[in-house]
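The sequence and the structure come first, followed by the notes.

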Amino acid sequence: MNHLAELQRRRHGIVCACDLDDLDAVSRLLEAIDPVEGLVGYKLGSLLTLRYGLAPVVSAFRKVTTKTLFYDHQKAGLDIPSMGAGYVAVCRDAGVDALILFPLGGPTALDAFVGETVKAGLLPVVGGALPLRDYLVEGGGFVAGSALGRITERALALGARDFIVPATDVATIRRQATTLATKGTVRLFLPGIGPLGGDITRAFSAAPALMTYAIIGRAIYAAPDPGEAARRLAAEALAFEAAR
């Protein structure tokens, strides 16, 4: 079965970040939102996988959905290069479709983690910035502002075509979109919608030439009616598809 079918069919949409630690709660969430038009996949995070294990979590998701499963190890890729092949193999064997990678450990670590992901037939979804005000040096953090651009350039050379940019940073979305517009089929995944201050319309408008998807967690799973919240947010994303 092609778990990427819905993602490949849609140029715009949403991914639900399932940052919960209870599989029963996640199953109820998926039953409420999986039929939503424009929902292209789910992000599996560390809370679930630390509690239950990656393979059992994937199995539980597959009882409800056939959509793309992105695994976010908070954030993989920041490790010694020799860990790349083993990490990717474990994730592949567990049945995920895509790996979110933040290879901030340097070029050799990036080559190992992104390269092994491509070799394994999984999607590397590559980032280097978080939707936090004090993440970058200029905001009081520890990461250089140039890191995302350099990571993107090297990951592209290895075959990556899926990238993460914070939805809260419209200027960076616009800059990345300009860089990536001539690279063929490229997708942007934009976290930070809702409580962190990101807005689908503003973020998607900054990358009109690219396929764009909002990664949304609390604004869906913590809503009084997750199904209604997912439909509303997906409709906002799909409005860009209708406008093409």
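Phe240 touches His12, Ile200, Thr201, Phe204 and Ser205, apart from its neighbours within four places in sequence. The model is predicted.

- Phe240 belongs to helix α11, which spans residues 226-242.
- Between Phe240 and Thr201 there are 39 residues along the chain, while their C-alpha atoms are separated by 8.5 Å.
- Thr201 is also one of the residues in contact with Phe240.

**Asp72 in strand β3**

- Strand β3 runs over residues 68-76 and includes Asp72.
- Asp72 has a relative accessibility of 2% and therefore counts as buried, the cut-off being under 20%.
- The Asp72 side chain comes to 3.1 Å from the backbone nitrogen of Gln74.
- A polar contact, at 3.1 Å, joins the side chains of Asp72 and Lys75.
- Beyond four places in sequence, Asp72 is in contact with Lys43, Leu44, Gly45, Ser46 and Ile100.

**The Gln74 to Lys75 step**

- Gln74 lies in strand β3, and Lys75 lies in strand β3 as well.
- The peptide bond that leads from Gln74 to Lys75 is cis, and its omega is near -15°.
- Gln74 is not a glycine, yet its phi is positive, at about 55°.
- Most peptide bonds are trans, and most residues other than glycine have a negative phi.
- Gln74 has a relative accessible area of 39%, so it is classed as partly exposed.
- The side chain of Asp72 reaches Gln74 at its backbone nitrogen and Lys75 at its side chain.

**Lys43 in strand β2**

- Lys43 is located in strand β2, residues 39-44.
- With a relative accessible area of 8%, Lys43 is buried.
- Not counting residues up to four places away in sequence, Lys43 touches Val15, Cys16, Ala17, Cys18, Asp19, Phe70, Asp72, Gln74, Ile100 and Ile215.

**Helices α2 and α4**

- The axes of α2 (residues 23-33) and α4 approach within 10 Å, with a crossing angle of roughly 30°.
- This makes α2 roughly parallel to α4, because angles under 35 degrees are classed that way.
- The crossing in which α2 passes α4 is right-handed.
- Leu23, Val26 and Leu30 of α2 make the contact with Pro56, Val57, Ala60 and Phe61 of α4.
- The contact of α2 with α4 consists of seven nonpolar residues, with no polar and no charged ones.
- Pro56 sits in helix α4, residues 54-62.
- The relative accessibility of Pro56 is 42%, so Pro56 counts as partly exposed.
- Pro56 and Ala76 are 20 residues apart along the chain, and 20 Å separates their C-alpha atoms.

**Helices α5 and α6**

- Helix α5 (residues 84-94) and α6 have axes that come within 8 Å and cross at roughly 35°.
- α5 passes α6 in a right-handed crossing.
- On the α5 side, Gly84, Ala85, Tyr87 and Val88 meet Phe113, Glu116 and Thr117 on the α6 side.
- Sorted by class, the residues in the contact of α5 with α6 are four nonpolar, two polar and one charged.
- Ala112 is part of helix α6, residues 107-119.
- Ala112 has a relative accessible area of 14% and is buried.
- Ala112 and Val88 lie 24 residues apart in sequence, with a C-alpha to C-alpha distance of 9.8 Å.

**Helices α7 and α8**

- The axes of α7 (residues 147-157) and α8 (residues 170-180) come within 11 Å, crossing at roughly 25°.
- α7 is therefore roughly parallel to α8.
- The crossing of α7 past α8 is right-handed.
- Leu148, Gly149, Thr152 and Leu156 of α7 are in contact with Thr172, Gln176 and Leu180 of α8.
- The residues in the contact of α7 with α8 comprise three nonpolar, four polar and no charged.

Definitions and conventions: Residues are numbered from 1 along each chain as its sequence is written. This is a predicted model: local features need pLDDT of at least 70, side-chain atom pairs count only at pLDDT 80 or more; totals for chains, interfaces and linings use all residues. Side-chain values use heavy atoms; hydrogens and water are left out. Axes are lines fitted to C-alpha atoms, for helices over the stretch in contact, and angles run from 0 to 180 degrees between N-to-C directions. Helices (H or I, at least four residues) and strands (E, at least two) are DSSP runs, numbered from the N terminus. Angles under 35 degrees count as roughly parallel, over 145 as roughly antiparallel, 65 to 115 as roughly perpendicular and the rest as oblique. A crossing is left-handed if the near helix is turned anticlockwise from the far one by less than a right angle, and right-handed if clockwise. Contact means heavy atoms within 4.5 Å. Ala, Val, Leu, Ile, Met, Phe, Trp, Tyr, Cys and Pro count as nonpolar, Asp, Glu, Lys and Arg as charged, and the others, Gly among them, as polar. Buried means under 20% relative accessible area, exposed over 50%, partly exposed in between (1.4 Å probe, protein chains only). A polar contact is a pair of N or O atoms within 3.5 Å; within protein, one must be able to donate a hydrogen and the other to accept it, and residues adjacent in sequence count only if both atoms are side-chain atoms.
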